[in-house]
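Here are some notes for a colleague opening this structure for the first time. Please keep the model in view while reading.

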Amino acid sequence: MEQKRERKKLWWAIAASVFVHLAVAYSLAAFGSAFTPAAAPLEEEKPTELTFVDLATATPQVTTPPNPAFIETDPAKESKEKPEEQTFESNANSIAASTLPAAGDAPLPTQKGKDRPFMNLETHQYSLPTEGETARPQPKEATTAVVPKPVATPKSKPSEPPKATPSVAPVATPEPEQFAMLTATPPPPISTPGETDATPPPEVAASAAPTAPRPQPERPSSAYQSQKEQTRVTGRITNRGPSSVNAVATPLGRYQKSVYDAIGARWYSYVQSKMDLVSIGTASLQAEVDAKGHLQNLRVVSNNANEAFANICLQSFQEAHLPPIPPELIASLPDGKMLVEISFNMLP
């Protein structure tokens, strides 16, 4: 009896399970579409549109970089007018020109030269600053005075002969070698009155009039000039002329030029005096200049030369007399300080 009861329970369980599965399947088939999102309506396809632009008449917009790079302008390439495209910041205005046709995409002229890690547009030797001297007259030369011609005096009447004077006993003269400093030349014989007239002294020819002293030539003062060697560049400048770039003069560019000149003049002087101690290589130094022209946070960024070369570069920074930053420039600098980074190169 018990086995029959257990079989009935098993069959009822199987039937209930089948019923539940059928009910779930039916409910999903009937009500499943109500919970699915409605499909988006299909958009109508729009025809393709083409726009033609005439590039010959279109004017390109000239964009000025927010922080243009600094480049020094040679005095021979200065321009009174500002260039339309202000690519670089400099101490003076200059308009781009190139000696060769355009051969690249950089905003630089195309020129021949040597492959260097830096860029120079001309070649010249360095010169240290000199104060110069003004013209000064030479010392006056000694001139011969003109002696006037003596006038002959009339003859005098004969006078009475002189009276006899008592004779004086002769005094023994010393030896020639003794009292040499006391000997004197005997006076000339006295002529008696009535003799021939005194002969006038010989005439002296008048000397030429003294000429005005010629001033020595003036030695002009000279400004500092760094040594440059033209490097190989390929750019897109098409204007023909001496190699130059589009640069505009700014207060920051003029101040940077004065800082580089003050440090560079010291560096050339020290290297010239200690040439036998330095080695070939490049040293990069960095420092901050405050409003009064004082250096802060001076450090050597990189150096592949010897230690003596790095010390000369540090000394050039430390002993340079930098001018204070102009007031109109301080407001545009972060924290009122200007970052200065210079690379010193010793080439073979």
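1. A definition comes first: two strands count as paired if DSSP finds at least two bridges between them. The model discussed here is predicted. It contains an open sheet of three strands, in the order β4-β3-β5, with antiparallel pairing. β4 and β5 are the edge strands, and each of them pairs on one side only. From one strand to the next, the twist averages 20°.

2. Look next at the pairing of β3 with β5. Nine bridges join these two strands in the antiparallel sense. Val289 stands opposite Met338 of β5. Glu288 has Leu339 in β5 as its bridge partner.

3. β5 has two faces. Met338, Val340, Ile342, Phe344 and Met346 make up the covered one. Leu339, Glu341, Ser343 and Asn345 make up the uncovered one. Helix α2 lies across β3 and β5. Its direction is at about 35° to β5.

4. Now turn to helix α3, residues 307-318. This helix has twelve residues. From first C-alpha to last, α3 reaches 16 Å, close to the 16 Å expected at 1.5 Å a residue.

5. Which residues of α3 are buried? They are Phe309, Ala310, Ile312, Cys313, Ser316 and Phe317. Seen down the axis of α3, these buried residues fall within an arc of 160°, so they line one face of the helix.

6. What do the buried residues of α3 pack against? Their partners are α2 (251-273), β3 (281-289), β4 (295-303) and β5 (338-346). Leaving out residues up to four places away in sequence, Phe317 touches Ile263, Leu285, Ala287, Leu295, Leu298, Val340, Ile342 and Phe344.

7. The largest nonpolar core has 31 residues. Those touching the most other members are Ile263, Trp267, Phe309, Phe317, Met338 and Phe344. α2, β3, α3 and β5 each supply at least two residues of this core. α2 gives the most, with ten residues. There is also a second, separate core of seven residues; among them are Phe88, Leu108, Leu121 and Val245.

8. Check Asn306, in the loop between β4 and α3. Is Asn306 buried, exposed or partly exposed? Asn306 counts as partly exposed because its relative accessibility is 24%, and that class lies between the limits of 20% and 50%. Asn306 and Val278 are 28 residues apart in sequence, yet 6.6 Å apart in space, C-alpha to C-alpha. Asn306 touches Leu277, Val278 and Ser279, not counting residues up to four places away in sequence.

9. Asn297, in strand β4, has a phi near 55°, a positive value in a residue other than glycine. Asn297 is exposed, with a relative accessible area of 55%. Asp335 is not a glycine either, and its positive phi is about 60°. Asp335 lies in the loop between α4 (327-330) and β5. At 77% relative accessibility, Asp335 counts as exposed.

Key
Residues numbered from 1 in each chain as written. Predicted model: local features only at pLDDT ≥ 70, side-chain atom pairs only at ≥ 80, totals over all residues. Heavy atoms only, no water. Helix = DSSP H or I, 4+ residues; strand = E, 2+ residues; numbered from the N terminus. Expected span 1.5 Å × (residues − 1). Buried < 20%, exposed > 50% of the residue type's maximum accessible area, 1.4 Å probe, protein only. Arc of directions from axis to C-beta. Contact = heavy atoms within 4.5 Å. Axes fitted to C-alpha atoms, helices over the stretch in contact; angles between N-to-C directions. Core = buried A, V, L, I, M, F, W, Y, C linked by side-chain atoms within 4.5 Å.
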